[in-house]
Amino acid sequence: MPNANHPTLKDVPVPADFYKIGKFSRENSVGYLMRRIVQTMVQTVDRRLEGHGLTQAQWTPMFLIHRGQASTLAALARDLDVDPGAVTRTLDRLEAKGLCRRERSTEDRRVVNLALTPEGERSIEPVPEVLCDVANHLLAGFSQEEWQTLMGFLRRMATNAEQLREHTCGAADKQTK
(Lines give C-alpha, C1' and ligand atoms only; values in the text may rest on other atoms or scores of the structure.)
Protein backbone atom coordinates (compact mmCIF):
# COMPACT_ATOMS: atom_id res chain seq x y z
CA MET A 1 0.00 0.00 0.00
CA PRO A 2 1.50 3.40 -0.93
CA ASN A 3 2.50 5.59 1.99
CA ALA A 4 1.56 9.27 1.71
CA ASN A 5 5.04 10.16 2.96
CA HIS A 6 6.83 8.06 0.33
CA PRO A 7 5.87 8.30 -3.32
CA THR A 8 5.47 5.16 -5.35
CA LEU A 9 7.66 4.54 -8.39
CA LYS A 10 4.88 5.88 -10.63
CA ASP A 11 5.08 9.21 -8.70
CA VAL A 12 8.76 9.66 -9.57
CA PRO A 13 9.27 11.45 -12.91
CA VAL A 14 10.55 9.34 -15.80
CA PRO A 15 14.33 9.79 -15.93
CA ALA A 16 15.89 11.62 -18.87
CA ASP A 17 18.19 9.71 -21.20
CA PHE A 18 20.96 12.31 -21.59
CA TYR A 19 23.88 10.48 -19.97
CA LYS A 20 25.23 7.26 -21.48
CA ILE A 21 27.62 4.72 -20.02
CA GLY A 22 30.95 5.01 -21.78
CA LYS A 23 30.26 8.61 -22.83
CA PHE A 24 29.91 10.10 -19.37
CA SER A 25 32.35 12.90 -18.61
CA ARG A 26 32.76 14.77 -15.40
CA GLU A 27 32.96 18.11 -17.21
CA ASN A 28 29.43 17.60 -18.59
CA SER A 29 28.00 16.26 -15.34
CA VAL A 30 25.28 18.39 -13.76
CA GLY A 31 26.37 17.22 -10.31
CA TYR A 32 30.01 18.07 -10.90
CA LEU A 33 29.21 21.55 -12.22
CA MET A 34 26.75 22.26 -9.41
CA ARG A 35 29.27 21.10 -6.79
CA ARG A 36 31.97 23.36 -8.29
CA ILE A 37 29.62 26.34 -8.21
CA VAL A 38 28.55 25.66 -4.61
CA GLN A 39 32.16 25.14 -3.49
CA THR A 40 33.23 28.40 -5.11
CA MET A 41 30.31 30.25 -3.59
CA VAL A 42 30.93 28.88 -0.07
CA GLN A 43 34.69 29.52 -0.23
CA THR A 44 34.19 33.07 -1.51
CA VAL A 45 31.52 33.88 1.07
CA ASP A 46 33.69 32.39 3.83
CA ARG A 47 36.67 34.52 2.73
CA ARG A 48 34.48 37.61 2.71
CA LEU A 49 33.12 36.84 6.20
CA GLU A 50 36.49 35.82 7.66
CA GLY A 51 36.94 39.25 9.24
CA HIS A 52 33.63 38.76 11.05
CA GLY A 53 34.79 35.46 12.54
CA LEU A 54 32.12 33.42 10.75
CA THR A 55 32.42 30.27 8.71
CA GLN A 56 29.74 28.67 6.54
CA ALA A 57 29.04 26.15 9.32
CA GLN A 58 28.25 29.10 11.60
CA TRP A 59 26.65 31.76 9.42
CA THR A 60 24.24 29.35 7.73
CA PRO A 61 22.35 28.32 10.89
CA MET A 62 22.59 31.86 12.26
CA PHE A 63 21.09 33.23 9.05
CA LEU A 64 18.17 30.77 9.24
CA ILE A 65 17.57 31.66 12.90
CA HIS A 66 17.80 35.39 12.12
CA ARG A 67 15.28 35.10 9.28
CA GLY A 68 12.87 33.08 11.43
CA GLN A 69 13.17 30.07 9.13
CA ALA A 70 14.36 27.74 11.89
CA SER A 71 13.47 28.47 15.50
CA THR A 72 14.18 25.04 17.00
CA LEU A 73 17.03 22.55 16.83
CA ALA A 74 14.80 20.05 15.00
CA ALA A 75 13.77 22.64 12.39
CA LEU A 76 17.37 23.73 11.92
CA ALA A 77 18.57 20.13 11.44
CA ARG A 78 15.76 19.51 8.94
CA ASP A 79 16.43 22.73 6.98
CA LEU A 80 20.18 22.11 6.88
CA ASP A 81 19.63 18.42 6.12
CA VAL A 82 22.12 17.40 8.81
CA ASP A 83 22.10 15.20 11.87
CA PRO A 84 20.66 16.88 14.99
CA GLY A 85 23.87 15.95 16.83
CA ALA A 86 25.91 18.00 14.37
CA VAL A 87 23.54 20.95 14.85
CA THR A 88 23.90 20.61 18.63
CA ARG A 89 27.70 20.80 18.34
CA THR A 90 27.45 23.87 16.08
CA LEU A 91 25.04 25.54 18.51
CA ASP A 92 27.41 24.72 21.39
CA ARG A 93 30.18 26.60 19.55
CA LEU A 94 27.90 29.53 18.68
CA GLU A 95 26.68 29.72 22.26
CA ALA A 96 30.27 29.64 23.58
CA LYS A 97 31.05 32.58 21.28
CA GLY A 98 28.03 34.44 22.67
CA LEU A 99 26.23 34.47 19.30
CA CYS A 100 23.11 32.44 20.07
CA ARG A 101 21.12 31.09 22.97
CA ARG A 102 18.75 28.21 23.56
CA GLU A 103 15.56 28.87 25.46
CA ARG A 104 13.27 26.14 26.78
CA SER A 105 9.69 26.70 25.57
CA THR A 106 7.24 27.72 28.28
CA GLU A 107 4.41 25.91 26.42
CA ASP A 108 6.24 22.62 25.82
CA ARG A 109 9.30 21.84 27.95
CA ARG A 110 10.53 19.35 25.30
CA VAL A 111 10.98 22.18 22.78
CA VAL A 112 14.13 24.28 22.80
CA ASN A 113 13.79 27.55 20.91
CA LEU A 114 16.79 29.19 19.28
CA ALA A 115 17.57 32.88 19.22
CA LEU A 116 20.51 35.05 18.29
CA THR A 117 22.04 37.25 20.95
CA PRO A 118 22.50 40.95 20.19
CA GLU A 119 26.13 40.07 19.31
CA GLY A 120 24.86 37.32 17.00
CA GLU A 121 22.50 39.77 15.30
CA ARG A 122 25.41 42.17 14.73
CA SER A 123 27.63 39.34 13.43
CA ILE A 124 25.07 38.20 10.87
CA GLU A 125 24.43 41.71 9.46
CA PRO A 126 26.96 41.47 6.58
CA VAL A 127 25.77 38.03 5.40
CA PRO A 128 22.87 39.10 3.11
CA GLU A 129 25.02 41.66 1.29
CA VAL A 130 27.88 39.18 0.84
CA LEU A 131 25.51 36.45 -0.40
CA CYS A 132 23.89 38.82 -2.91
CA ASP A 133 27.24 40.12 -4.16
CA VAL A 134 28.75 36.65 -4.62
CA ALA A 135 25.60 35.30 -6.32
CA ASN A 136 25.47 38.31 -8.64
CA HIS A 137 29.12 37.76 -9.61
CA LEU A 138 28.33 34.11 -10.44
CA LEU A 139 25.48 35.34 -12.65
CA ALA A 140 27.60 37.88 -14.55
CA GLY A 141 26.51 38.02 -18.20
CA PHE A 142 23.05 36.52 -17.58
CA SER A 143 19.99 38.49 -18.56
CA GLN A 144 17.04 38.78 -16.15
CA GLU A 145 15.13 36.34 -18.35
CA GLU A 146 18.01 33.83 -18.39
CA TRP A 147 18.27 34.07 -14.61
CA GLN A 148 14.54 33.39 -14.23
CA THR A 149 14.79 30.44 -16.65
CA LEU A 150 17.77 29.05 -14.74
CA MET A 151 15.89 29.39 -11.44
CA GLY A 152 12.94 27.52 -12.91
CA PHE A 153 15.20 24.71 -14.12
CA LEU A 154 16.94 24.47 -10.75
CA ARG A 155 13.62 24.39 -8.88
CA ARG A 156 12.43 21.59 -11.17
CA MET A 157 15.67 19.66 -10.54
CA ALA A 158 15.27 20.23 -6.77
CA THR A 159 11.72 18.85 -6.93
CA ASN A 160 12.94 15.81 -8.91
CA ALA A 161 15.77 15.31 -6.39
CA GLU A 162 13.35 15.44 -3.46
CA GLN A 163 11.00 12.94 -5.13
CA LEU A 164 13.93 10.64 -5.89
CA ARG A 165 15.19 10.90 -2.31
CA GLU A 166 11.74 10.18 -0.90
CA HIS A 167 11.36 7.19 -3.21
CA THR A 168 14.85 5.90 -2.42
CA CYS A 169 14.44 6.42 1.33
CA GLY A 170 11.00 4.83 1.24
CA ALA A 171 12.41 1.79 -0.58
CA ALA A 172 15.30 1.54 1.90
CA ASP A 173 12.86 1.81 4.82
CA LYS A 174 10.77 -1.05 3.41
CA GLN A 175 13.88 -3.26 3.01
CA THR A 176 14.93 -2.75 6.63
CA LYS A 177 11.49 -3.66 8.01
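The side chains of R165 and E162 meet in a salt bridge, with N and O 2.6 Å apart, where a salt bridge is taken as a side-chain nitrogen of Lys or Arg within 4 Å of a carboxyl oxygen of Asp or Glu. R165 and E162 both belong to helix α7 and stand three residues apart, about one turn of the helix. Salt bridges that share partners join D81, E162 and R165 into one network. The structure is a predicted model, in which local features need pLDDT of at least 70 and side-chain atom pairs count only at pLDDT 80 or more, while totals for chains, interfaces and linings use all residues. Residues are numbered from 1 along each chain as its sequence is written, and side-chain values use heavy atoms, with hydrogens and water left out.

**Salt bridges**

By this rule the count comes to ten salt bridges, and the table gives three of them.

| Salt bridge | N to O distance |
|---|---|
| R102 and D92 | 2.4 Å |
| R110 and D108 | 3.0 Å |
| R165 and E162 | 2.6 Å |

For accessibility, buried means under 20% relative accessible area, exposed over 50%, and partly exposed in between, with a 1.4 Å probe and protein chains only. R102 is partly exposed because its relative accessible area is 25%, and D92 is likewise partly exposed, at 41%. R165 is partly exposed with a relative accessible area of 39%, and E162 is partly exposed with 32%.

**Overall architecture**

The chain holds seven helices and two strands, these being DSSP runs numbered from the N terminus, with helices (H or I) of at least four residues and strands (E) of at least two. Read along the sequence, the elements follow the pattern α-α-α-α-β-β-α-α-α. Of the 177 residues of the chain, 23% count as buried. Counting contacts as heavy atoms within 4.5 Å, residues 24 or more positions apart account for 50% of the contacts with a separation of 6 or more. The chain exposes about 12,800 Å², of which carbon and sulfur atoms supply 56%, with accessible areas taken from the Shrake-Rupley method with a 1.4 Å probe.

Which of the helices is largely enclosed by the rest of the structure? Helix α2 (residues 56-66) is, because eight of its eleven residues are buried; these are Q58, W59, T60, P61, M62, F63, L64 and I65. The buried residues of α2 pack against α1 (30-49), α3 (73-80), α4 (84-96), β2 (112-116), α5 (118-124) and α6 (127-138). Just after α2, G68 takes a positive phi of about 75°.

T60, in helix α2, is buried with a relative accessible area of 16%, and a polar atom of its side chain lies 2.8 Å from the backbone oxygen of Q56. The C-alpha atoms of T60 and L76 are 9.8 Å apart in space, while the two residues are 16 residues apart in sequence.

In soluble globular proteins, nonpolar side chains tend to be buried together. Here the largest nonpolar core has 24 residues, and those with the most contacts inside it are W59, L76, L91 and V127; such a core is a set of buried Ala, Val, Leu, Ile, Met, Phe, Trp, Tyr and Cys residues joined through side-chain atoms within 4.5 Å. The elements that give two or more residues to this core are α1, α2, α3, α4, β2 and α6, and the largest share, five residues, comes from α2. Leaving out residues up to four places away in sequence, L76 touches P61, L64, I65, A70, V87, L91 and L114.

**Around the strands**

L116, in strand β2, counts as buried at 7% relative accessibility. Not counting residues up to four places away in sequence, L116 touches M62, I65, H66, L99, C100, R101, E121 and I124. The C-alpha atoms of L116 and F63 are separated by 9.4 Å, although the residues are 53 residues apart along the chain. S105 is in the loop between β1 (100-104) and β2 and is buried, with a relative accessible area of 7%. Beyond its neighbours within four places in sequence, S105 is in contact with V111 and N113.

Notes:
A polar contact is a pair of N or O atoms within 3.5 Å; within protein, one must be able to donate a hydrogen and the other to accept it, and residues adjacent in sequence count only if both atoms are side-chain atoms.
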